Structure formats: structure tokens, C-alpha cells
Amino acid sequence: MPKRLSGEENSMADEVVTLASLGLESYEIVEVHRSDLKNATYNPRILNDAEKRKLREGLRRHGLVAPTTWNSRTGNIVGGHQRVSQLDALAGTKNYRLRVAAIDVDEAREKELNVLLNNPNAQGDWDIEALSSLLHDETLNLEGMGFDHADVYRMLGESPIIAREDADKLDELADKVRAARSLYDGLRDKSRARDSESFYLVLVGRDEASVSAFLERHNLPDNRYQSLEEFERLMVLRETLHE
């Protein structure tokens, strides 16, 4: 028979605890001057110009909705370098104050957190059906979500907003994108099933033109993923020609 809890035990079982008391919340919100925030010289995260523009437009539209993580012990930004950079651009100055999530950790822990906060392998992947539904929601703004039409084509093989007369012109491109994504998903699933990355090797050309020329010269499919069997065929052919 299950044990019946006393009134005091029931009260304790219903007691609300804080994450801080469980050791799962280790920051405090403080206000600092922008000059107190230093860029971590080791920060491995970079954005190209298009990505910076998307982030800047998102900040312009929504404002800063999550605090930058800042290590009070070193003065380094731990998470939020790119947001702070674009806030500087939007403000037109670095002479401002902002609220941050302040932590107090040593340099090794700081570096671990810096990578963790930016690591896509710790952040999951898109549920394509759910994302597609959101992207097709006419009440939502594409740029407000940080996407442009090129992004949507890469992910879905279609655009949620296209003129009817242009639809036929885009069908062929959409099919190619879907096929490429299907190929990538298949290779990724195989990789996960093996639980190893040792089943492939990488050949690198000088540029895109040299890769295309190599594929054409050796009668290989116009595909960035080639089988070992195809390369073995080339090696056998090469040995035969040099006999």
C-alpha cells in the first residue's frame, strides 16, 4: 500500500523551489556601461555581412529581448558579441548602458560557456513541417524571424511569398533544392546510424571551377558526394594507363 504523507510532508512536497537553490541558475541581472564589455579575443563565432544585416534588422524591429551574458571577473562578453556589435551600429555610439546577465567564472569555464552558447550541436534542428507552417503564416514577417527568401529556398525548396506568374519558373529550382536536401538528410541519417564520422574522406579543390573540371574530366556525376567505388575506378584506370 502506498505510504500516506503527513500534512508536513505534503507541504514540503508542494514547496516551490528556485533554480538558483538547485544550482541551475548562476547569473544576476545588472546594469553596466558598454565600455565594461570586452570582446573575447578567442570568440570563434563569426557573421558575414548578410547575417549581420538580418540580426541588425531583427534588433531594430524587436529590440533586445534577451540579455548579453557577461563575465564580471574578466570583463569579457561570453554570449552576445554579435548582438552588442549591431546594437552599437543601431545606437550610433558606444556611450550607453545596458542590462546584462552577469556571471563570475574563471577563464576556462568562460570559454566552455562561450562555445556552448553558440554551438548548434547543442541547440537542436528545425522541425521543417512546423517551421514551414510558421513561414507560411501571413501574419508573421519573414525578416522579423531572421530569414530572407534565399534562406527559405535552401530549407524548403519554395518561397511562402511568390507572384503567381513566377511560380512555374521556380518549380525546377524547387525540385533541385528538395533533392539536395533529401540527399543531405539521407547522408546525415547514415552518419548518425553509424555513430561515427570515419566512413568518409574529403577532397578539396582550389576553387569551384577546378572541382567541376575534375568531375567532368573523369566522367563523374555532377555531385559533391562521390562514392569510394568511383575513386577506386579512377585509381585502377590510372594504374592501367601507366603500365
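**Exercise 1.** Work out in which hand helix 2 passes helix 3, and which residues meet there.

*Solution.* Step 1: helix 2 passes helix 3 in a right-handed crossing, meaning that the near helix is turned clockwise from the far one by less than a right angle. Helices here are DSSP runs (H or I, at least four residues), numbered from the N terminus. The model is predicted: local features need pLDDT of at least 70, side-chain atom pairs count only at pLDDT 80 or more, and totals for chains, interfaces and linings use all residues. Residues are numbered from 1 along each chain as its sequence is written, and side-chain values use heavy atoms, leaving out hydrogens and water.

Step 2: look for contacts (heavy atoms within 4.5 Å). Lys 52, Leu 55, Arg 56, Leu 59 and Arg 60 of helix 2 meet Gln 82, Arg 83, Gln 86, Leu 87, Ala 89 and Leu 90 of helix 3.

Step 3: sort them by class. This contact of helix 2 with helix 3 has 5 nonpolar, 2 polar and 4 charged residues (Ala, Val, Leu, Ile, Met, Phe, Trp, Tyr, Cys and Pro count as nonpolar, Asp, Glu, Lys and Arg as charged, and the others, Gly among them, as polar).

**Exercise 2.** Which residues of helix 5 and helix 6 meet, and how do they divide by class?

*Solution.* Step 1: Ile 128, Leu 131, Ser 132 and Leu 135 in helix 5 touch Val 152, Met 155 and Leu 156 in helix 6.

Step 2: these divide into 6 nonpolar, 1 polar and no charged residues.

Step 3: the crossing of helix 5 and helix 6 is left-handed, with the near helix turned anticlockwise from the far one by less than a right angle.

Notes:
Helix = DSSP H or I, 4+ residues; strand = E, 2+ residues; numbered from the N terminus.
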